[in-house]
Every structure is written in C-alpha cells, then in structure tokens.
Amino acid sequence: MTEMTALSTDGRAATAPAAKMSARNVTVFYGDKKAVDDVSIDVGPEHVTAFIGPSGCGKSTFLRTLNRMNDTIPSARVEGRIELDGEDIYASSMDVVQLRARVGMVFQKPNPFPKSIYENVAYGPRIHGLASGTAELDHIVERSLRRAGLWDEVKDRLSESGTALSGGQQQRLCIARAIAVDPEVILMDEPASALDPIATAKIEELIHELRGNYAIVIVTHNMQQAARVSQRTAFFHLGVLVEYGETTEIFTNPRETRTKDYITGRYG
Amino acid sequence: MSVAAIALLIVGLGLVAWLAARARAAAFAGPGRPRLHSLPGQHGWYVALWTVIPALLFLAGWNELSGNLIYAQVLASPEASSLPDFGMQRQAVLSEAYALASGQTQAAFNPQAHALVPVYARAIAFYNWIGLAVTVLVAFAAGGWAFTRISPQFRARTRVERVVMALLLLASLIAILTTLGIVASLLFESLRFFSMVSPIEFLFGLNWSPQMAIRADQAGSSGAFGAIPLFWGTIFIGAIIAMLVAIPLGLMSAIYLTQYSSARLRSWMKPLLEILAGVPTVVYGYFAALTVAPAVRDLGLTLGIPSSTESALAAGLVMGIMIIPFVSSMADDSLAAVPQAMRDGSLAMGATTSETIRKVLVPAALPGVVGGVLLAVSRAIGETMIVVMAAGLAANLTANPFGSVTTVTTQIVQLLTGDQEFDSPKTLAAFALGLVLFGVTLALNIIALRVVKKYREAYE
C-alpha cells in the first residue's frame, strides 16, 4: 500500500519515476497494416501495469514488442524506441537472447514443454548456464516453483510430464519457468483467459506476491482483473494509447470518454 | 455371337432404358403436378442399372456354366463314342476339336478331332443362343420392372446412391482381397518350402547357397538355406547405412525448411527435394553401380580395407539418398505440428532458434520423426533395384561396409530369374524370403502408424 500512496502523488502523469521500461513513439506494422500507433509509455519498476482494451486494439502486439517476440513474425515491423534501463532494446548491439532472459513472458495459453515438471523449470537456467551443478539447479527449480505457488502441489512428482498438470497448474508452471531465469520484467499476455475462476484467482494472487520483485506488465480483457491486480492501467483502443494512469483513477474517474465508455461496458 | 458382343448389346439396351426412363419421368413433371422426388436423369440411371447389372451378372455366370454344358452335350453325342478311353488322349482330342470349332486353329493333329468339330460347333451355337436369349430376357425383365416403378414419389435418387456405394465398396475390396491373395500365395509356397527345409535352419542358419544339383551326376552344391547372411545384408544396407545417411540429412533439411528458410525458398526447395522420391529406382541403381561404387572401392583400397566393386556402402549410400524425402517430409509434418506456442515459449525464455529446435521442437516431434524413419526403413529393406545393381550376390556375413553383401530382395530376384522348377527348394526359397520380408515391412508399417497416431493425439 505504501507503494501505491507513493505513486498516487504523481497524479495522472504518464510517466513514473525511474521507469524500468520506457517506450517512445512506438508504431508497429504487420505488413502495411498499422497495429500500434505512436505509443509512448513508461512501465515499472516494481508494480503491475495492466494493458486493457477491446480485442484487436494492439495491446498484445505492443506487449510483444517489449521483449522483441514480434521478431518471430516476419511481416512485423517496429518503429520508435523502447528502452530497458535506458538501453535501446532494438539497437543492433542488443542481444535478443539476453533481452528475453531479462524480460520474460507468460502466454495466453499455458504452453509447458512436453518434458517433466523439473525440466520445464530447469530449461531456462540450463540454456543460460545459471546453475553450476545439480544441487544449485535443484535449488533454483525449488525456489521458482515455490515462488509460483506450485511447489507443494508438485514436489512429489517433479519427474512427471508438465503437460499432465491441470490448466491452472500449467500456467503457474509457465510462470515458474519464466522466473527461474530471474528476469527483471515479466510480460503476461492474458495469462488467465484460458483458465477457470479458481485457477484465475490463484494466478492473480501469485501476481500480487510477485510484484515486489519484478516489474509486471499484464494484458487482460477482464477489467475486474485489471482493477484487482494492477497499480497502473493503460487503455488501448484501435492501436492508440488512449489513457494511462493509476488504476484506481482510470476505473473511478477516467479523463477520456472512450475509456469511460469502455469501462462502463458501452463497447468492447 | 461372342460374349463381348452380348455385353455390348446389353450396354446398348441400358442406354435405351436410360433415355426411355428419363423421358417417362420427365413426363410426370410439369406445372401443377406434384414435384418429382428424384430428377428424371436419376430415374434414368435407376432403370439403366437394373437393365444392365442383372443381365451382365447372368452373362458372366452363364459363361462359366455353358462350358460344362457344351462338354456334356458333346460327350453324349454318338460321335463321341469312338473316343479313346484313356483320359489324357481323350482330353487332347476334345480340346483340339474345341479349338477347331471355335476357330482358334485351322488344322488338328489328331484326325478324330475333325469328326467332333460339327458336334462341338452345334453345341456351342446352341448354348450361345440360349445365353443371348436369356440375357436379353433378363435385361428386359429387370429393366421393365424398374421402369414400372417410375412415379413422382419413387426415390430413384436414393437407390442409385446405394448402387454407387456398393461400387465404391467393391473397388476398395478388390485392393484388400488382392493383398490377401498375395499373402495366401506366399504362404502356401512357403509352406511347401518349409516341408523341404526346416524353418529353424532357414531363419537361423549362417550359410546361404541355394544352388542344387538338378541331376544326380551333376557337380554342384547340395543347397544350404540359412538366410541369416541375407537378413544381415538387408539390415546392414537398408536399416543401418541408408539410415545413417537419410536420418541426419532428412531431419536437418526438414529443420531448415520449417524453421529457417523464407517462405519463397521453401516453396521451391520442398518440391525439388520431393522430386528425389520420384526418380525411378533403376536410375538410382545406375548411379550406385557406375558412379558411387567405384569411388567407394577406391576409397576403401586407399584406406587399406579389403574392398569389392559391389559394396554394401555404395548401395546403402545411394539408398539413403533415395530415402531422404521420406524422412524429411515426415519430419517436416511433425515439426510443423508442434504448436507455435512451444516455440514461442522457448524463444521467450531467451533460447536461440537452434536451442529451441534441439531442446523443444525435435523432442516434441520425435514420435512423428520415429514413425517416418520406420516407414523409411520398411521402404528401404523392400527396395530391390539399387541392391540388385550395386550390392552384389555373395552371401557374406561381414560388417565391412566396403565388402560385398547380398539382400533378401536381390536373392529373390536371383532365385526367380530364368527357368524355374517349382518343386525345388531353390525356387520355393524365394517365397519364404518374400514372406519374411512382407511380415517385417508389415510390422514396421503398423508400428510406425501407431507411433504417429499416438503422437497426433497428444496435441489435439
């Protein structure tokens, strides 16, 4: 709560002090189609930022520019500048492999690898050489699973396949997998939209617990979820960032009529 | 009138029935009348099928039956009483007479045959006329009956659909029944072989030398039918050397095409690769025997290894090249079936593309790849032309890839080329080998399909 009070002194400024990531005039094209139009936003460092907006508003596309996952789509093109701790992530000197280790991502549909639970979590530490021995790797796996709130449920069956878990457990496994490489930012692309209400509640609880350690950016089309988990909310519409500010302000007293219309359920 | 002419006549009647039935059905239609259930053309088909099919079935049956009836009538005639009593001579005279009467030959060796010609001719003409008359009658009766059923409510469309279904079923049954027939023929000849050579000796014997002395005084080996050297040669070439070539190259090309190449490059590289599968195997055979084999022998000699011109390595290398498209297209399909989310998940962890492929995509696609490899192996061990041209005939039990080995298929070709006597184990051995080959490839195919199916279910 102290953090929230500290932030509220900023009022509705579009920037927070010492932003973890900042985007300036970011425009994303898919071929000739403009998906994100001139977005400037600062996120982090230690709180949850929610991107809301109707389907196709560009919020997921923009999220994917933050760890350059759009690179995997051949037709996607990004203009503008995005910085992580003041460093341009689209600069040629930026190693995309390093970037993605620092900016992790959790996807809409749980996507555990068809490997054991242990191997799923150990995947990142292994490829980045974070553990020098089995004991250390065991430690990282346990710590990550504990942080993801999954340890007690899976500690006796770490060698079972990750795909055999329930949907909610799979998603928490994916979160454990993401935090195993100790990222600075975690991007979540509608992480609970494929889950039932109980599993969703667990994910939201987890986001609460993680927020002290990581900058979290979550895309959601569930406005209650945005209100529950985030401190700051950005409303996207038709590829444009309409409004960005404190979550409580956005939901109780939006400046823009478009935001208000969306929040009150008039469209979207 | 020959059978073919009668059949043609029936088809002609069918055409007439089609036109007539369509016209009649069309006459029912019109403004103010109840709507026809089926289109006039469908009524036409219904009546035409009834006209043609029963008549043709009768014709086919009659054709079988009339031979015996003709024969019986000829034997009952007074001219037949002078025939020799001895079965073989009697048959010879009768068949000559038949050949003369039906115009297949002009002169007979046996003078008695000429006496029987008019009898035969009479009998043939008599039964042919009966056949023609009844066939036409059947056509008219069945067609006429179908014709009377035409009415606006009659569901000709549904009936014709059933006939179409039956036809399609028949077409698929023919393929299956043929397979069963092949298996049966393999099985019976193999049983004859195993009554002469013990299955234990055949399956586990180490010595293969199928040449047998035909006459008692002839110099020649007594024949040894231990097929282990052939099985080894087949596995050595088809399952080991060829796969050592095909698996890495096929898999790597599939990985390149699915993960790295641009869509444009892929659109012309993939078809080019698949052309490899369409090259006639005999062309691969030339390539193996004339280009690869000498180079392999020279390499072997340079390395100081005993080498022969016809080597396992040459045949295996070329066979591996031939198999690449099989492996690569199966691997391609399985890699493409791994959800994009897997790939994204790994890339988002900061893995490079090749790490993602090695640690996530290939393991996930492995069952499909294994299925493809098993299919490729079954194809390779059944492959004949390359090994016939490049692998050699000597049944050596050697692990030297520069040495000459022989395969099951090569030996089958050897055993069945030229004049055969089907009471000798040498010839019958080919069927036993064929049976083993069939069994192994069938088992491989079944396993491969199961593996692939199980894998598909995992992502649905």
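1. Two strands pair if DSSP finds at least two bridges between them. In chain A, strand E9 (residues 232-237) meets this with E10(A): six bridges join them, and the two run antiparallel. Within this pair, Phe235(A) has Glu243(A) of E10(A) as its bridge partner. Helices (H or I, at least four residues) and strands (E, at least two) are DSSP runs, numbered from the N terminus.

2. The model is predicted: local features need pLDDT of at least 70, side-chain atom pairs count only at pLDDT 80 or more, and totals for chains, interfaces and linings use all residues. Residues are numbered from 1 along each chain as its sequence is written, chains are lettered from A and ligands numbered from 1 in the order in which they are written, and side-chain values use heavy atoms, with hydrogens and water left out.

3. Chain A has 11 helices and 10 strands. Its radius of gyration (taken over C-alpha atoms) is 18 Å, close to the 18 Å that the globule rule gives for 268 residues, so chain A is as compact as a globular protein of that length. The globule rule is 2.2 Å times the number of residues to the power 0.38. The C-alpha trace of chain A spans about 55 × 40 × 35 Å along its principal axes.

4. Which strands make up the six-stranded open sheet of chain A, and in what order? The order is E6-E7-E8-E3-E9-E10, and the pairing is mixed. Strand E6 (103-106) and strand E10 (240-246) of chain A stand at the edges with a single partner strand each, so one side of each has no neighbour in the sheet. From one strand to the next, the twist averages 15°. Helix H7 (residues 167-179) of chain A packs on this sheet and touches E6 and strand E7 (185-189); the direction of H7 makes about 170° with that of E6(A). Axes here are lines fitted to C-alpha atoms, for helices over the stretch in contact, and angles run from 0 to 180 degrees between N-to-C directions. Contact means heavy atoms within 4.5 Å.

5. Chain A also has an open sheet of four strands, in the order E2-E1-E4-E5, with antiparallel pairing. Strand E2 (33-43) and strand E5 (87-88) of chain A are its edge strands, each pairing on one side only. Two bridges join strand E4 (residues 76-84) of chain A to E5(A). Glu83(A) has Asp88(A) in E5(A) as its bridge partner.

6. Is Thr61(A) buried or exposed? Thr61(A) counts as buried because its relative accessibility is 10%; buried means under 20% relative accessible area, exposed over 50%, and partly exposed in between (1.4 Å probe, protein chains only). Thr61(A) lies in helix H2 (residues 59-65) of chain A. Not counting residues up to four places away in sequence, Thr61(A) touches Val28(A), Tyr30(A), Ala35(A), Val36(A) and Asn70(A). Over the whole of chain A, 54% of the 268 residues count as buried.

7. Chain B has 15 helices and two strands. Its radius of gyration is 32 Å, whereas a compact globule of 460 residues would have one near 23 Å. The C-alpha atoms of chain B fill a box of roughly 90 × 85 × 35 Å along the principal axes. Of its 460 residues, 39% count as buried.

8. The domain assignment of chain B gives domain 1 (3-154) and domain 2 (224-459); such bounds come from an automatic or database domain assignment. The centres of domain 1 and domain 2 of chain B, taken over C-alpha atoms, are 53 Å apart.
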